[in-house]
Amino acid sequence: MSELDFSKDYILENDLVRLSPLKMEHVESLLDISAETNLWTYFLEKGNGLENLTNYISSTVHNRKHKKEYPFIVFDKIKNRYAGTTRFYEYSKELKNIKLGHTWYGKSFRGTGLNKHTKYLLFEFAFEKLKVERVGFGAHAENKVSIAAMKGIGCKEEDVLRNFMPSLNNTGRANIILLSVLKEEWDNTIQFKLKNKLTNTD
């Protein structure tokens, strides 16, 4: 396999986490998490509450049908609960590029190693199955926790999109920080360092 098939239901999993396609039926499973305070601070599209979450999931499911996004729901096998969501987007078979983002987890799943396990599965799928050369990321410049987490799994900061979106207080504009992981970085170092972290810390 070397192309993302948007019609196929991919399951990515290891002993601790399972990623499966996000569907409308998951609204109820994510509703409590979506209402947590400050979860949506750095998101343009909000998913807090039943109406917003329904619209949020409906939008990405619609985009999957139109081959724009491929969303996953993340299931924590240890806690036996759904933890949040993530997705691939802006995939180009020709350019061998894909982006990874729109990732959020409930507070009880943060800092547990779940994100590292999830990212390992997604990197493995992107680089080894889809044969992409680059996985890109973007983060609100003020989202220091997210930026640090991405760098912690091997992402390299590469540029800034200046004044890309409204600021958090809507009184100005905010920057987006761009990061990426390249296939050669995954092959040579990142996959081994990340796997070592999973083995030693989780």
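**Figure legends: overall fold and close-up views**

**Figure 1. Overall view of the predicted model.** Along the sequence, the elements of the protein follow the pattern β-β-α-α-β-β-β-α-β-α-β-β-α. The radius of gyration is 16 Å, close to the 17 Å that the globule rule gives for 202 residues, so the protein is as compact as a globular protein of that length. In total, the protein has 5 helices and 8 strands. The C-alpha trace spans about 40 × 40 × 35 Å along its principal axes.

**Figure 2. Burial and contacts across the protein.** Of the 202 residues, 45% count as buried. Among contacts between residues at least 6 apart in sequence, 60% join residues at least 24 apart.

**Figure 3. Surface and charged side chains of the protein.** The protein exposes about 10800 Å², and carbon and sulfur atoms supply 47% of this area. There are 31 positive and 26 negative side chains. The centres of these two sets lie 2 Å apart.

**Figure 4. Hairpin of strands β1 and β2.** Strand β1 comprises residues 12-13, and strand β2 comprises residues 17-21. With 3 residues between them, β1 and β2 form a hairpin. The two strands pair in the antiparallel sense over 2 bridges. Within this pairing, glutamate 13 stands opposite arginine 18 in β2.

**Figure 5. Strand β2 and its pairing with strand β3.** Strand β3 covers residues 69-76 and pairs with β2 in the antiparallel sense over 5 bridges. Arginine 18, which stands opposite glutamate 13, has phenylalanine 75 as its bridge partner in β3. In strand β2, 4 of the 5 residues are buried, so this strand is largely enclosed by the rest of the structure.

Figure 6. Leaving aside residues up to four places away in sequence, histidine 140 touches Tyr42, Ile147, Met165, Pro166, Leu168, Ala174, Asn175 and Ile176.

**Figure 7. Histidine 140 and serine 167.** These two residues are 27 residues apart along the chain, and their C-alpha atoms are separated by 9.3 Å. The residues that histidine 140 touches include Pro166 and Leu168.

Technical notes
Residues are numbered from 1 along each chain as its sequence is written. This is a predicted model: local features need pLDDT of at least 70, side-chain atom pairs count only at pLDDT 80 or more; totals for chains, interfaces and linings use all residues. Side-chain values use heavy atoms; hydrogens and water are left out. Contact means heavy atoms within 4.5 Å. Buried means under 20% relative accessible area, exposed over 50%, partly exposed in between (1.4 Å probe, protein chains only). Two strands pair if DSSP finds at least two bridges between them. The radius of gyration is taken over C-alpha atoms; the globule rule is 2.2 Å times the number of residues to the power 0.38. Accessible areas come from the Shrake-Rupley method with a 1.4 Å probe; for residues, only the protein chains shown count as cover. Lys and Arg count as positive and Asp and Glu as negative; His and the chain ends are not counted. The place of a charge is taken as NZ of Lys, CZ of Arg, CG of Asp or CD of Glu.
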